[in-house]
Amino acid sequence: TFPTWAPRAPQWKIRRLYENDAIGLYDDELIDDVAYTLFARCGSFIMACEATQGRASCPRCSRVIPHEWRKHELLTCQCGWHLTWGEYFATIQHNQLSGADPVLARFREYVERLPSARSPREKVLLIDWLIHGFHVYTRTGGPTRPVAVNLIEGRLHQVIEFLDALTYGERSTPGLLETKLTWDERIATARGWRAKCDGEARPADER
């Protein structure tokens, strides 16, 4: 049995959520769908990062298996499950399942806060806060890649264009437009960072 990871959220569901919100409409079913799709994705992201730090979770019983970074090392669980670390890691690679501590902290906070969010407004604000976060360049503390690429379907430029084009209106949930303004400022900085890095080796934590 290979580990499986929750998929990224489809763009069309998030787009509809914001279109509804812009006209003052709360679709409880859609909001919960988006909120818990992101919840599952954050959980997978956290688990995958834990695995790459030497604490792999058994996909059968969820028991944590300490290991070292040796490709042919056999991960063996008390429940009888086993797989080499190389095979386990192959399920994580190229699936937008890695990030530094600030990203992990944001995703953990979302996972902790969502179950206690009761009203549609609370959930919408939490979703908005989550998807508009950024990875951070450790040397300067400045924003680099949006964390949305780890959470929403699409390549990096597609996800940025998608977030740039989300719908807002006079009846949008209070707080969303403020987050949008902050996003605009930070994505401009992030684009500048990416341009500066063109033709240069990027820091290991941003590849």
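Which residues are exposed on the other side of H4? They are Asp101 and Glu112. Exposed means over 50% relative accessible area, buried means under 20%, and partly exposed lies in between (1.4 Å probe, protein chains only).

This is a predicted model: local features need pLDDT of at least 70, side-chain atom pairs count only at pLDDT 80 or more, and totals for chains, interfaces and linings use all residues. Residues are numbered from 1 along each chain as its sequence is written, and side-chain values use heavy atoms, with hydrogens and water left out.

## The chain

The chain holds eight helices and six strands. Helices (H or I, at least four residues) and strands (E, at least two) are DSSP runs, numbered from the N terminus. From the N terminus on, the order is α-α-β-β-β-β-α-α-α-β-β-α-α-α. The chain has 207 residues, and buried residues make up 45% of them. A contact means heavy atoms within 4.5 Å. Among contacts in the chain with a separation of 6 or more, 60% join residues 24 or more positions apart.

## Helix H4

Helix H4 covers residues 101–113, which is 13 residues. From its first C-alpha to its last it reaches 18 Å, close to the 18 Å expected at 1.5 Å a residue. The expected span is 1.5 Å times one less than the number of residues.

Val103, Leu104, Arg106, Phe107 and Tyr110 are buried in H4. Seen down the axis of H4, these buried residues fall within an arc of 160°, so they line one face of the helix. The arc is that of the directions from the helix axis to the C-beta atoms. What covers the buried residues of H4 includes helix H2 (28–52), helix H5 (120–131), strand S5 (134–136) and helix H6 (148–151).

## Helix pairs

Two packed helices are described by the angle between their axes and the distance between the axes. Axes are lines fitted to C-alpha atoms, for helices over the stretch in contact, and angles run from 0 to 180 degrees between N-to-C directions.

| Pair | Angle | Axis distance |
|---|---|---|
| H1 and H5 | about 130° | 12 Å |
| H2 and H5 | roughly 40° | within 10 Å |
| H2 and H4 | about 135° | 9 Å |

Angles under 35 degrees count as roughly parallel, over 145 as roughly antiparallel, 65 to 115 as roughly perpendicular and the rest as oblique. A crossing is left-handed if the near helix is turned anticlockwise from the far one by less than a right angle, and right-handed if clockwise.

Take H1 (residues 11–22) and H5, with their angle of about 130°. That makes H1 oblique to H5. Their crossing is left-handed. Ile14, Leu17, Tyr18 and Asp21 in H1 meet Val124, Ile127, Asp128 and Ile131 in H5.

H2 and H5 are also oblique to each other. H2 passes H5 in a left-handed crossing. On the H2 side, the residues that meet H5 include Asp28, Ile31 and Leu38. On the H5 side, Pro120, Lys123 and Leu130 are among them.

H2 and H4 pack at about 135°. These two helices are oblique to each other. H2 passes H4 in a left-handed crossing. Residues of H2 in this contact include Ala35, Phe39, Cys42, Phe45 and Cys49. From H4 come Val103, Leu104, Phe107 and Tyr110, among others.

## Helix H7

Which residues of helix H7 (residues 156–164) are buried? They are Leu156, Val159, Ile160, Phe162 and Leu163. They cover an arc of only 160° around the axis, which puts them on the same side of H7.

## Single residues

Asn150 sits in helix H6. Is Asn150 buried or exposed? Asn150 is buried, with a relative accessible area of 0%. Leaving aside neighbours within four places in sequence, Asn150 is in contact with Arg8, Arg41, Phe45, Gln96, Leu97, Ser98, Phe107, His135 and Arg145.

Ser62 is found in the loop between strand S1 (55–57) and strand S2 (64–66). Ser62 is exposed, with a relative accessible area of 53%. His94 lies in the loop between helix H3 (85–90) and H4. His94 is exposed too, with a relative accessible area of 80%.
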